[in-house]
Amino acid sequence: MGEIIRAENLTKVYSGKFKAVDGISVSVNEGEIFGFLGPNGSGKTTTFRMLTTLSKPTSGSAIIAGYDINKDARKIKQIIGYSCQQVGLDLKSTGRYNLQLFGRYYHVAGKELKKRVDELIELFELESHADRLVGTYSGGIRKKLEIATSLINRPRILFLDEPTLGLDIKVRVNLWDYTQELNKKDGVTIFLTTHYLEEAEKLCNNLAIIESGRIVKTGNVEELKNEIHGDVVSLTFFKNEKFAECIEHSRQILSGESFLMDIKATEKGLNLYVKEGASTLPKILKILDGCGITIETISLAKASLDDVFLKHTGNRISV
Amino acid sequence: MTFLSDISNTFGRFLRSEIRTPQIVIFSLAQPLFWLLLFGQLFEKMVNVPGISTSNYISFLAPGVMVMIVLYSSTYGGMSIVDDISSGLLDKFLVTPANRTAFVIGSLLASLVSLSAQILVVFGAASLMGLEMETGIAGVFLTMFFVGLLSFGIAGLSKALALATKNAQPVVIIGSFVTMPLIFLSGALMPLETAPDWIQTAAKFNPIEYTVKAVRYLVIGNGSLNDFIPSILVLTAFAVFGVAIATLAFRKATN
């Protein structure tokens, strides 16, 4: 399938100084789930605001389904859906009324509107909630309704800004299922932002790691993880006067070893990327012990997206 | 066509939310009654003051109470938009193809409905207290027209302020700061004839004064068409200005 979103050098500068988005170029294919992975304040939402026509780029451009965000905003509005990070609903009305309200702004009316509203209520299993005031809903039900309102116009592309922010794990898994179903059954292209690694790992085909308004790495999720190779051995050292020296010394000794693929300093010590974690662990211990280096802890884990993030940004995303 | 449907959709939403809150309906209708009774008693002897061209103070006071209602209800008209901004609802509306000006006009029209109900309450209660509407039912409709224009102007400014600051607080602070001076720099409660020159000059720039004047002519029935022309011009300009600045702020706030 072809490319449906292509952004080139999107930049947003606020008040002439603050660069919220600093030259983002990204390409999303029709039918995929694409993710922006990055911490809060990294420019994910601002990029979304430009792509969904809410905000004009300071410079740069993007083409969405053949339409230019700088010229054809009205055309783009018809074919996209946008789910925001906040509540995004009229709390003083019922769920059904909220859906109708959005439907009418898309100029859907009469029988067609009723049909679409019923369809969405059924799809998101909101039957028992639809006629209650939204203010009485739980967070999970609200989010389901909110996503439903952004689908009223049968969009080709759905933008989900932090879809499961602040929701508990059960609700998140449930929302992931809906997202995947929308993508698979109806072929909706989904572009989401998240700072949850599991979410990016579970849902996305491709993702872009974004930090301080820039994309630091783009790629297929599996490929990105493979790039990290095998396992991660995390060493931490006691925070005393020898801390920096220990890190430097260990790095020097270990760099020559054949099992080592990569090595990165962390806040508390070192991360060693190795092929075979289980058999390497004793070797590492022996080498360090032989050189008189004391470690505080040693742990072994499979490489995750967090390590991908760490490798490319020097920071951990985990919150 | 879609422009009108966007207006009616917005109008419907705001009207619903007002009707769904009975406390607001009750208080907004009780407030003009309360003012009418309070000021009516307090200033009863004012009919002897030069400049009150009627022997019945209620006829003089009722138009003043009407503009006070407009001021108090429209000054805070921007607050609903602040809620919609912080809840993310406004962004979601703006992603739809709906017309932006329709959001502003629809919400202004909705506040006109409750305002009209309040004005009718004043007319009803004041009639019981001795007001005689010299220009009859046509005068009541014309009153709605002038009051509506004033409300568009003030609510428009309030919305613009709310949109520019994205915060309810400045709306409350500035709103309550300007309300009283605007009332006393007009002939709403006291005839301006006896006021110092500078107040009379200031009143010439006060849209409240133009509304009070026009409505008072309608109530007392002593105005000629020429007396209405300045009010029509000033208030129409003020209403257009209000809607324009709110729309402009709306466009700016959403970029």
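## A walk through a predicted two-chain model

Chain A has 11 helices and 14 strands, and, like everything described here, these elements belong to a predicted model. Along its principal axes, the C-alpha trace of chain A spans about 80 × 45 × 40 Å. Of the 319 residues in chain A, 51% count as buried, while the accessible surface of the chain comes to about 14500 Å², with 49% of that area belonging to carbon and sulfur atoms. If we take the contacts in chain A between residues at least 6 apart in sequence, we find that 69% of them join residues at least 24 apart.

We can turn next to charge. Chain A carries 43 positive and 41 negative side chains, and the centres of these two sets lie 6 Å apart. Side chains of opposite charge can pair when their charged atoms come close, and a search of the whole structure finds 19 salt bridges over all chains. One residue to look for is A:R6, which forms a salt bridge with A:E3, the closest N and O atoms being 2.5 Å apart, and also one with A:E8, where the corresponding distance is 2.8 Å. A:R6 is partly exposed, at 38% relative accessibility; A:E3 is partly exposed as well, with a relative accessible area of 41%, and for A:E8 the value is 41%.

In chain B, the side chains of B:R13 and B:D84 meet in a salt bridge, with 3.0 Å from N to O. Because B:R13 lies in helix α1 (residues 2-19) and B:D84 in helix α4 (residues 79-86) of chain B, this pair ties together parts that are 71 residues apart in sequence. B:R13 counts as buried because its relative accessibility is 7%, under the cut-off of 20%, and B:D84 is also buried, at 7%. Back in chain A, salt bridges that share partners join A:R96, A:K114, A:D118 and A:D131 into one network.

The backbone deserves a look too. Most residues other than glycine have a negative phi. A:R154, however, has a positive phi near 50°, and this residue is placed in the loop between α5 (139-149) and β7 (157-161) of chain A. B:K166 likewise has a positive phi, near 50°; B:K166 sits in the loop between α7 (136-165) and α8 of chain B, and is partly exposed, with a relative accessible area of 45%.

Helix α8 (residues 168-184) of chain B contains B:I174, which is partly exposed at 40% relative accessibility. Together, B:V172, B:I173, B:I174, B:F177 and B:V178 make a nonpolar surface patch of about 450 Å².

Methods: Residues are numbered from 1 along each chain as its sequence is written. Chains are lettered from A and ligands numbered from 1 in the order in which they are written. This is a predicted model: local features need pLDDT of at least 70, side-chain atom pairs count only at pLDDT 80 or more; totals for chains, interfaces and linings use all residues. Side-chain values use heavy atoms; hydrogens and water are left out. Patches are made of residues with over 30% relative accessible area and no salt bridge: like charges are joined within 9 Å, nonpolar side chains (Val, Leu, Ile, Met, Phe, Trp, Tyr) within 5 Å. Accessible areas come from the Shrake-Rupley method with a 1.4 Å probe; for residues, only the protein chains shown count as cover. A salt bridge is a side-chain nitrogen of Lys or Arg within 4 Å of a carboxyl oxygen of Asp or Glu. Helices (H or I, at least four residues) and strands (E, at least two) are DSSP runs, numbered from the N terminus. Buried means under 20% relative accessible area, exposed over 50%, partly exposed in between (1.4 Å probe, protein chains only). Contact means heavy atoms within 4.5 Å. Lys and Arg count as positive and Asp and Glu as negative; His and the chain ends are not counted. The place of a charge is taken as NZ of Lys, CZ of Arg, CG of Asp or CD of Glu.
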